[in-house]
Amino acid sequence: MNSENKIYFYPVWLRIWHGINALGILVLIFTGINMQYATPGFKLMDFELAVNLHNIAGILVSANYLIFVFGNLRTSNHKFYRIKLKGLYKRLRLQVEYYTTGLFRNQDAPFPLSEKRKFNPMQKVSYLLVMYLFVPGLVITGLGLLFPELIIENVYQVSGIFLTAVLHASLGFLVSIFLIVHLYVASIGKHPINNFKSILNGYHDLNGH
Amino acid sequence: MLKSGLTSASSFNSPAMRSSFLFFIVLILFLGFSKSSQALAPENESCLKCHTHQTITFHNTLTKREDKRLMNPLYILDKDHFASGVHAKFKCIDCHSADYSKYPHNAELKLEPLSTCLDCHGGDAKYAAYQFEKIDLEFQKSVHFQKSGDSFTCSKCHNQHYYQAKSRNSSEVGDIVKFSNEMCMSCHSNNSKFQLISDKLKPALSQIHEWLPNQELHFLNVRCIECHTQVVDSLSVSHNILPKEKALKNCVECHSKNSMLEASLYKYKNLQSRSKIGKLNSIIKNKSYVIGAYQNIWLNYISILILILALAGISIHVIARIIKK
């Protein structure tokens, strides 16, 4: 395996951001489920502890989100997220077809990764949705619930806190589903562990795919 | 004629219409403003003449002069507040001695025992729904009665002059909470009243509740009695105030699907809204949100379905990868 086949995809700042985000979100999901579904007879952990941990992890992930935004602004990493709407549907279809059939026929990936392409079209769309819609939505609603006095009291007779909380829980659920799929798709490759190694050491091995 | 008067601007502008409109407005204002004083018994006028004012003027029979003095603030009644209370129609002498009609009042009248709530409310079929006897039994178990006995009267919390049956009649949970907590606060945030039954200083409430997350939000949205009483299903408001060691400290009792609040704070609200606006509306129109207590069945189903689909998709993919390896 020579170094020409490796691309330095994940600089240090990005790996730090990703690491904090990953751990933070795991804590948020675990404590969030505990707060939403605990009953006197069943609980994963102490409610009070769950609330405190959720608040701390939430603040940490929110601050960490700034690293993601500024990191992308200051480096060329943002280029990988650029999406062309023209032909997007076709490109998405090709990628879905590859994951559902082509992969099993040992066909080549329709959008092989290179210095210029870090994400396939499916990744682009899902990462954009999660990082620029779901996570900011969670940060904003989460800050609102942390400081409820900031929330508009009533929106057409419906409690503002109620709306914020339902939106927060729904977005949290969508991020949980993203996490499951994200972890699974990351295991697709020559060896299931390759992508996990990459996000730790920074290098993406082209031979590993 | 009335119809044309209402629909045509020109006839509204006529002097006759304008004057009757003005009369109508004045009548409404008059009725509105006079409502509170009308609600009070006219016999109370002579008492309220002094007991609603900061100063009193009387003829001093010894000095033969007109004296103007400050009224004891403890004996000044808020007339409007009284008029909105449950006993608004009562005559003062229904509860106080008729001898108070003489001035200066005889000092010994202060020693006269006042009627207790049960003297009127006990065994009265009209108030059967309030279950005063049961309230009394529950109250006798409470830490207030255990520590102070009979000297802790109903009126220590329920001011006879201003009391309103809020938890039964108000449709605003926030209103119920405020009214209820003010009863507790009248002593627990006032050292001089607190020391009527204790030799100690009142405990600093924000300090002893430091463990409670979002303390201020809890204080505004739930009643003290939510955690500090033993809930009795058959009673509207629980009266067995527990000693502080026995107060509820388990968050999940409220923050769960079968929230305890349904049986306490939201009990009357639930009963009212079920008949009037339906369960969904009553949940949505609540001014507050209790984490964990609100679970929408449809959102739950949809989320479980999405989760199952995601896991099923992944499982099928894993199996296909293993087979094709």
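Me: Is Lys141(B) buried, partly exposed or exposed, going by its relative accessible area?
Reply: Quick background first: this is a predicted model, where local features need pLDDT of at least 70, side-chain atom pairs count only at pLDDT 80 or more, and totals for chains, interfaces and linings use all residues. Residues are numbered from 1 along each chain as its sequence is written, chains are lettered from A and ligands numbered from 1 in the order in which they are written, and side-chain values use heavy atoms, with hydrogens and water left out. The scale runs from buried (under 20% relative accessible area) through partly exposed to exposed (over 50%), using a 1.4 Å probe and protein chains only. Lys141(B) has a relative accessible area of 49%, so the label is partly exposed.

Me: Which residue does the side chain of Lys141(B) meet in a salt bridge?
Reply: A salt bridge here needs a side-chain nitrogen of Lys or Arg within 4 Å of a carboxyl oxygen of Asp or Glu. For Lys141(B) the N to O distance is 2.8 Å. The partner is buried at 8% relative accessibility, and that partner is Glu138(B).

Me: How far apart are the closest N and O atoms of Asp175(B) and Lys166(B)?
Reply: Asp175(B) is partly exposed at 31%, while Lys166(B) is buried at 17%. They form a salt bridge, and the closest N and O atoms are 3.0 Å apart.

Me: And what's the relative accessible area of Glu226(B)?
Reply: Glu226(B) pairs with Arg223(B) in a salt bridge at 2.9 Å, N to O. Arg223(B) counts as buried at 5% relative accessibility. Glu226(B) is buried as well, with a relative accessible area of 3%.

Me: How many salt bridges does the structure hold over all chains?
Reply: Between chain B and chain A the count is 0. Over all chains, the structure holds 7.

Me: How much area do chain B and chain A bury between them?
Reply: Contact means heavy atoms within 4.5 Å, and on that rule 34 residues of chain B touch 32 residues of chain A. Buried area is the accessible area (1.4 Å probe) that two parts lose on being put together, summed over both. Carbon and sulfur atoms carry 69% of the total, which is about 3,100 Å².

Me: Which element gives the largest share of the side of chain B that touches chain A?
Reply: The elements giving two or more residues to that side are α17 (279–284) and α18 (297–324) of chain B. The largest share is 13 residues, and it comes from α18(B).

Me: Where does His144(B) sit, and which residues does it touch?
Reply: His144(B) is in helix α9 of chain B, residues 143–148. At 16% relative accessibility, His144(B) is buried. Leaving out residues up to four places away in sequence, His144(B) touches Phe139(B), Gly149(B), Phe152(B), His188(B) and Ile241(B).

Me: What is the phi of Asn106(A)?
Reply: Most residues other than glycine have a negative phi, and most peptide bonds are trans. Asn106(A) lies in the loop between α3 (88–100) and α4 (121–146) of chain A, and is exposed at 68% relative accessibility. Although Asn106(A) is not a glycine, its phi is positive, about 55 degrees.

Me: Which residues does a cis peptide bond join?
Reply: One of the two, Pro104(B), is in the loop between α6 (92–95) and α7 (117–121) of chain B. Omega is about 0 degrees, and the bond joins Tyr103(B) and Pro104(B).

Methods: Helices (H or I, at least four residues) and strands (E, at least two) are DSSP runs, numbered from the N terminus.
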